[in-house]
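Reader: I have the sequence and the coordinates open. Could you walk me through them?

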Amino acid sequence: MSSSEREPRFDWNDLKIFHALVSAGSMSKAARLLGVVQPTVSRRLEQLEMRIGARLVTRGADGVELTDVGERIWTLVQTMQSTANDIGRVAGQADMAEAGRVRVTAPDGIASYWIAKQLPGFVEANPLIKLELSTVQAGEKPIDPYADVTLQYTQNKRMDLVPKELATLHFVPFTSRAYLDTYGRPDGLVDALMHRLGDLVSYEEETRDAWPSDAQAIKKMMKPSLTTDSSSVLLEAIRSGSIIAMAPTYIAQRFPDLVFLDLDLVIPVKLWMFYHPEQRRVTRVRKVLEWLDDIFDTAKY
């Protein structure tokens, strides 16, 4: 047998890189997801394309797009990744101990200003669980293929995941006393649209669909003075007296210096939780699921 016949057609790790790239939508986001540098993603993709003998993706201003060959291989790689996840879950069920890693992916605002606030009780009660809290910012695809539990603002069409409506967030306009002292209080919603506004950058199509149609119409009329992909940046801009912006009502509990503007505008947005049904058999994952249920319990909060 010649050396060329013995050489593998591809490296499984390269397929993992390809899966992360398509899932994340760009080289930089895939690198963050995998914990590697961007040149590594680019190099491993080139190696995979050379072994296969065809280009799998094209690079554009909005990220990467699959070629025809890439589309066919992507379908197969998704099946492979799903199988790998199933193997991991079976292995995890063999270890029913409370110790171990649990990865949770959530929108950056929810993770920073609500989940992190509730951590002390969880850490004290579960000292052997290593919780990895990964954030998703505006513009990123919400599904993390390596997460044990995913929180996001839209439904998921994957039939292998359990969907649970975890909570309904209510977004309302906030500003600061400093802003009102400088620019005055808007006289109704129409007047507010003429003020200095802040907004998160447009989400992916599936995330935008989480906003009701009337709210989307208002967003189209907005001419923001500030746009950002970070909830923390938006919040600090509100508190600094720079802008008016929509934010969930729970944020007022964290920052009582915020000023709510009664403009007859309340936007309800559902927060969903997704996990594989067999994850509940893993003790540490079940404890995280129960904790998330508790901290989003509407009877308590």
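Reader: Is Gln38 buried, exposed or partly exposed?

Author: Gln38 counts as partly exposed, at 41% relative accessibility. Buried means under 20% relative accessible area, exposed over 50%, and partly exposed in between, with a 1.4 Å probe and protein chains only. Please note that this is a predicted model, in which local features need pLDDT of at least 70 and side-chain atom pairs count only at pLDDT 80 or more, while totals for chains, interfaces and linings use all residues. Residues are numbered from 1 along each chain as its sequence is written, and side-chain values use heavy atoms, with hydrogens and water left out.

Reader: Which residues is Gln38 in contact with, leaving aside neighbours within four places in sequence?

Author: They are Met27, Ser28 and Ala31, where contact means heavy atoms within 4.5 Å. The C-alpha atoms of Gln38 and Ser28 are separated by 5.5 Å, and the two residues are 10 apart along the chain.

Reader: Which helix does Gln38 lie in?

Author: Gln38 lies in helix α4. Helices (H or I, at least four residues) and strands (E, at least two) are DSSP runs, numbered from the N terminus.

Reader: At what angle do α2 and α4 pack?

Author: Helix α2 (residues 12-24) and helix α4 (residues 38-52) pack at about 115 degrees, and their axes are 9 Å apart. Axes are lines fitted to C-alpha atoms, for helices over the stretch in contact, and angles run from 0 to 180 degrees between N-to-C directions.

Reader: Which residues meet there?

Author: From α2, Asn13, Asp14, Leu15, Ile17, Phe18 and Leu21 meet Val41, Arg44, Leu45, Gln47, Leu48 and Arg51 of α4. By class, this contact has seven nonpolar, two polar and three charged residues. Here Ala, Val, Leu, Ile, Met, Phe, Trp, Tyr, Cys and Pro count as nonpolar, Asp, Glu, Lys and Arg as charged, and the others, Gly among them, as polar.

Reader: And Ala24, is that buried or exposed?

Author: Ala24, which is found in helix α2, is buried, with a relative accessible area of 13%. Its C-alpha atom is separated by 9.1 Å from that of Gly63, 39 residues apart along the chain.

Reader: Turning to the largest nonpolar core, which members touch the most others?

Author: Among its 57 residues, Ile115, Leu151, Ile251, Leu292 and Phe296 touch the most other members. A nonpolar core is a set of buried Ala, Val, Leu, Ile, Met, Phe, Trp, Tyr and Cys residues joined through side-chain atoms within 4.5 Å. A second, separate core has 20 residues, including Ala24, Ala30, Leu45 and Ile73.

Reader: What does Ile115 touch?

Author: Not counting residues up to four places away in sequence, Ile115 touches Ala106, Ile110, Leu133, Leu151, Trp291, Leu292, Ile295 and Phe296. Ile115 is also one of the buried residues of α6. That helix (residues 108-115) is mostly covered, with seven of its eight residues buried.

Reader: Where is Asp264 placed?

Author: Asp264 is in the loop between β10 and β11 (267-275). Although not a glycine, Asp264 has a positive phi of about 55 degrees. Asp264 counts as exposed, at 75% relative accessibility.

Reader: What pLDDT does the chain average?

Author: The average is 83, and 83% of the residues score at least 70; pLDDT is the predictor's confidence in each residue, from 0 to 100. Over residues 203-207 the pLDDT is below 50, and this stretch has nine contacts in the model beyond near neighbours in sequence. Residues 1-6 stay under 50, with one contact beyond four places in sequence. Where pLDDT is low, the predicted coordinates should not be read in detail.
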